[in-house]
Amino acid sequence: MGDRYILVDGAPYLEWWQEQFATPPETLRGCSFWQRGRFSIWIAAADVEPGEIAPVDGVGIPFLRTGREVWKPTLVAVIEFGLDASRNVVELDRDETLRFLDRQVIEFAAEDARGALPNRGFVIARYHGLPVGCGLWRRGTLESAVPKGRSMAGLNLTC
Amino acid sequence: MEHIAHGLERYRDLIDDWQALVDTSRRPLPLVVWENPLRRQHVERLAVAAGLDRRATVGDLLATRGHEVEPLAWRAGAWRVRGLDKPGRTLEHYLGLMHVQEEISLAPARVLAAEAGEMILDFCAAPGGKTACIAVGMDNRGTVVANDLRPQRLRPLRSNCERLGIRNVVITPINGIRFPLDAGPFDRMLLDVPCSCEGNLRESRPATRRARHSQVEGRGGLQATLLGRAWKLLRPGGVLVYSTCTFAPEENELVLDYALGEDAVIEPFAIAGLRHDPGVTHWAGKELRSDCDNLARYWPHHNDTGGFTIARLRKVVAVG
């Protein structure tokens, strides 16, 4: 509590997202960007107005963590904006999705075409085209980055 | 052990069918879910994956899995669902396509009728179900300031807003009694005050115990103080919805009678498909404002819900 949220120029974060995930420009249109602390970027409605109220303990939803060498999109950002991503996306089958949501590491066989993602970095995991979270991609393995508090063992997945 | 509904005997004159209330209060609340309109594209994609038409709803998705699904009579995009033991363990919930909420708790947002682009203040917002209901109706435009005194109760509010992808909520952890007056004015406000929770009598751990009835009178002071502060933050012409999950006139009509002045009107309203009883203008030997009869009291046996009381107040625009 108590960290300030500062309205920032969203251009570098928009550019990073579009470069990383190749989403259409309209996906993130009409948003404002807010910085909390040194390394946390939040995304909110374009006309959101915290006014002169203090303290503020949240503006919109968390979008990006910029503290490490590789920037990390948040789970909520991936679910919100990952539907139309066309780069750095890995489609999972039912069994892989269940393990991903349980925060496990998924290994891809050498002959699996999905294992041909070029970069080490964060990718969007999708199931039936629905973004279910982001994971760290490293030499043919996908390390689930679903936060502990949101992970689920034995989700009821019926389709 | 005496049944919990007997704590409500002091309202017997207000209740049309006492036995129906007792019987209803013995039954657990139906499970109600609503579809998140901000996630329509996600629902479409899941519907197609499940072999349904792209226009299929979350209700349709649940029905295909054998759950008995009944649309609410008074609100589109919400259903009573039977046979879904752990709604939090579904993909629909994980992805924020739906939210679980007690049916009658959806009513304040309906009465508030917030519009996209407006400035809204939800004064006692935690745990945030009503905030979410208001915010998703605004199409991620404008601002909903969600305030609550207790930071630990703001946690579920925050996680629900994040899961549902709500981008127009600003969270503030401020004691409402000291909420800064220069933060306003707001177009609309929800004041869902802390109360004695008599209406929760159907929940697994109901608040209605005789031991808690001392709270009925004890809460009125705080409720009136919060209403007084909130009123100063409302713009002239603006709407304030005052609600409690309790029946006591001491926490509803008497608070409004005490706190409101001539610049306030308690407006009549009705939700088609959701029955309510009118407010009282006399209670415990006291005569109250005549517009107190415009309050709506929702008894559990009328709609098979929890209990609730709602007043819709408008701030009069000064002439001249």
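Which handedness, left-handed or right-handed, does the crossing of α6(B) and α7(B) have? The structure is a predicted model, in which local features need pLDDT of at least 70, side-chain atom pairs count only at pLDDT 80 or more, and totals for chains, interfaces and linings use all residues. Residues are numbered from 1 along each chain as its sequence is written, while chains are lettered from A and ligands numbered from 1 in the order in which they are written.

In chain B, the axes of helix α6 (residues 129-136) and helix α7 (residues 151-164) come within 9 Å and cross at roughly 30°. Axes are lines fitted to C-alpha atoms, for helices over the stretch in contact, with angles from 0 to 180 degrees between N-to-C directions; helices are DSSP runs (H or I, at least four residues), as are strands (E, at least two), numbered from the N terminus. α6(B) is therefore roughly parallel to α7(B) (angles under 35 degrees). The crossing is right-handed, the near helix being turned clockwise from the far one by less than a right angle.

Thr131(B), Ala132(B) and Val136(B) of α6(B) form the contact with Leu157(B), Asn160(B), Cys161(B) and Leu164(B) of α7(B) (C-beta atoms, placed from the backbone, within 7 Å). This contact has five nonpolar, two polar and no charged residues (Ala, Val, Leu, Ile, Met, Phe, Trp, Tyr, Cys and Pro count as nonpolar, Asp, Glu, Lys and Arg as charged, the others, Gly among them, as polar).

Chain A is assigned domain 1 (5-81) and domain 2 (89-150), with bounds from an automatic or database domain assignment. Their C-alpha centres lie 23 Å apart.

Methods: Parallel < 35°, antiparallel > 145°, perpendicular 65-115°, else oblique. Contact = placed C-beta atoms within 7 Å.
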